[in-house]
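I opened this notebook to record what I looked up about the contacts between chains. The entries follow in the order in which I made them.

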Amino acid sequence: MSIILITGGARSGKSRHAEERVLAMPGRPVYIATAQALDDEMRARIAAHQARRDDRWGDHPAPLDLVSALDVTDGAGPRLVDCLTLWLTNLLFAERDLAAEGEALCAALVRQKSPIVLVTNEVGFGIVPENRLARQFRDAAGRLAQDVGAVADEVVLVVAGQPLRIK
Amino acid sequence: MSIILITGGARSGKSRHAEERVLAMPGRPVYIATAQALDDEMRARIAAHQARRDDRWGDHPAPLDLVSALDVTDGAGPRLVDCLTLWLTNLLFAERDLAAEGEALCAALVRQKSPIVLVTNEVGFGIVPENRLARQFRDAAGRLAQDVGAVADEVVLVVAGQPLRIK
Amino acid sequence: MSIILITGGARSGKSRHAEERVLAMPGRPVYIATAQALDDEMRARIAAHQARRDDRWGDHPAPLDLVSALDVTDGAGPRLVDCLTLWLTNLLFAERDLAAEGEALCAALVRQKSPIVLVTNEVGFGIVPENRLARQFRDAAGRLAQDVGAVADEVVLVVAGQPLRIK
């Protein structure tokens with residue numbers, strides 16, 4: 001079993017790299033999507049990601065209940081979780097306890113039998129946001145990445161489409 | 001021939017590192033500037049960059065027509081393109097087709113005979129911007145960096161003035 | 001003597017890594033805090049950082065006069081400066097000359113006898129801020145990181161809690 005965390009900026013090629021990693025593993029891959037098609041822009045992004053994948057993939061949407069999605073899909077092929085920051089956004093709007101959800105995710109990760117590749121976004125390399133909710137989100141995303149990074153076997157930073165292994 | 005992409009955050013030392021790389025190559029270097037002096041702040045930035053360079057450099061401004069600037073200056077010394085994100089900004093305001101321009105640039109890069117060092121800015125490591133144009137720009141900059149990174153022989157991330165080779 | 005610069009995004013695990021580095025050095029560590037508890041959010045952050053440290057640490061607040069804090073605490077155990085970007089923020093509000101203060105800091109760093117670990121934040125990987133003061137701050141933070149990086153024996157980028165040595 002292995003846990004791989006892929007991080008990077010927006011449009012850095014994180015998802016593409018994550019898909020390549022999953023496709024190189026044995027077994028039918030499962031795509032665990034946290035995105036919700038709430039507006040046209042998100043619909044277009046989701047469609048662009050789907051267009052790149054094909055029938056080889058199983059699909060498993062999990063905008064909120066990521067832990068049960070992992071447990072349900074465990075034991076067969078590798079899973080791709082894309083992405084943790086959208087999952088956090090969904091949790092924030094659903095007023096869930098972000099710290100408790102992060103802990104439950106890490107506990108679920110370490111009990112998985114099939115491999116998991118998780119994508120996250122670096123969101124904390126800018127000026128401190130003036131918006132309090134944005135600061136909360138940024139803090140939660142940073143903490144989650146640290147916690148998943150701590151249980152991961154491998155952490156990869158993707159810049160300009162190039163993967164750089166940092167753990 | 002070689003294509004080197006230098007990326008990093010604002011004031012990370014990208015331009016300085018790029019200049020050092022170009023000056024270490026044989027031949028008279030050409031500086032292909034995409035910046036336009038539209039306001040006092042830009043004028044000051046351009047002047048600061050110019051003050052660091054000297055008579056060794058040839059200058060070739062290219063706020064929009066980067067492809068022809070590359071083709072015209074090819075065959076002699078190395079070229080420094082500083083920077084791709086300002087070029088994208090200019091294209092966006094001129095209402096050019098960003099995807100088509102990016103493709104044309106990559107096609108031009110691979111046919112060059114003299115070396116080229118290109119500077120770009122990482123702009124996607126923050127909170128998702130509320131402004132739609134900013135999101136478009138950020139997406140375009142990320143995609144362009146991926147595309148140029150794919151044809152580059154070398155990709156370097158500069159942090160705190162320190163270059164880190166990632167390809 | 002050694003100077004170590006630890007950089008990274010918000011909530012990346014920079015401070016934790018910096019504390020581990022300092023605790024691994026001989027002598028009683030001194031924590032040189034630049035943070036000021038001006039509002040509840042800052043008070044909570046400071047309390048969270050303090051809760052992680054214990055009686056092993058000496059404390060030395062230095063919201064503005066970092067150079068004298070370094071000189072006064074020199075000659076015994078290692079020092080942790082957390083962090084340079086808050087120090088810059090304080091200098092900016094106190095209307096000090098940021099370039100002169102940065103030069104004085106670098107001059108002070110190279111004359112220190114006891115080791116120093118400095119934490120800074122990457123703030124320049126996002127879209128150009130619309131706010132002029134934010135742009136000034138971002139430029140000053142980038143330049144300071146470059147200058148400290150130049151005199152540092154080691155520069156480390158922390159991503160998702162994982163340290164990556166870049167110098």
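**Entry 1: chain A against chain C**

I began with polar contacts and noted 6 residue pairs between chain A and chain C, both residues at pLDDT 80 or more. A polar contact is a pair of N or O atoms within 3.5 Å; within protein, one must be able to donate a hydrogen and the other to accept it, and residues adjacent in sequence count only if both atoms are side-chain atoms.

I then asked which elements of chain A each supply at least two residues to the side that touches chain C. They are strand E1 (3-8), helix H6 (132-151), strand E6 (154-159) and strand E7 (162-165); helices (H or I, at least four residues) and strands (E, at least two) are DSSP runs, numbered from the N terminus. H6(A) gives the most to this side, with 10 residues. By residue type, the side of chain A divides into 9 nonpolar, 6 polar and 9 charged, where Ala, Val, Leu, Ile, Met, Phe, Trp, Tyr, Cys and Pro count as nonpolar, Asp, Glu, Lys and Arg as charged, and the others, Gly among them, as polar.

I recorded that the model is predicted: local features need pLDDT of at least 70, side-chain atom pairs count only at pLDDT 80 or more, and totals for chains, interfaces and linings use all residues. Residues are numbered from 1 along each chain as written, chains are lettered from A and ligands numbered from 1 in written order, and side-chain values use heavy atoms, without hydrogens and water.

**Entry 2: salt bridge and area**

I found 1 salt bridge across the interface of chain A and chain C, a side-chain nitrogen of Lys or Arg within 4 Å of a carboxyl oxygen of Asp or Glu. C:Arg11 and A:Asp139 form this bridge at 2.8 Å, N to O.

Chain A and chain C bury about 1800 Å² between them, with 62% of it on carbon and sulfur atoms; this is the accessible area (1.4 Å probe) lost on being put together, summed over both. On the side of chain A, A:Phe125, A:Ile127 and A:Gln146 lose the most area, together 41% of what that side buries.

**Entry 3: chain B against chain A**

I counted 24 residues from chain B and 26 residues from chain A in contact, meaning heavy atoms within 4.5 Å. B:Phe125, B:Ile127 and B:Gln146 supply 40% of the area that chain B buries against chain A. I also located a salt bridge between A:Arg11 and B:Asp139, at 2.8 Å from N to O.

Note on methods
Buried area = accessible area lost by both parts, 1.4 Å probe.
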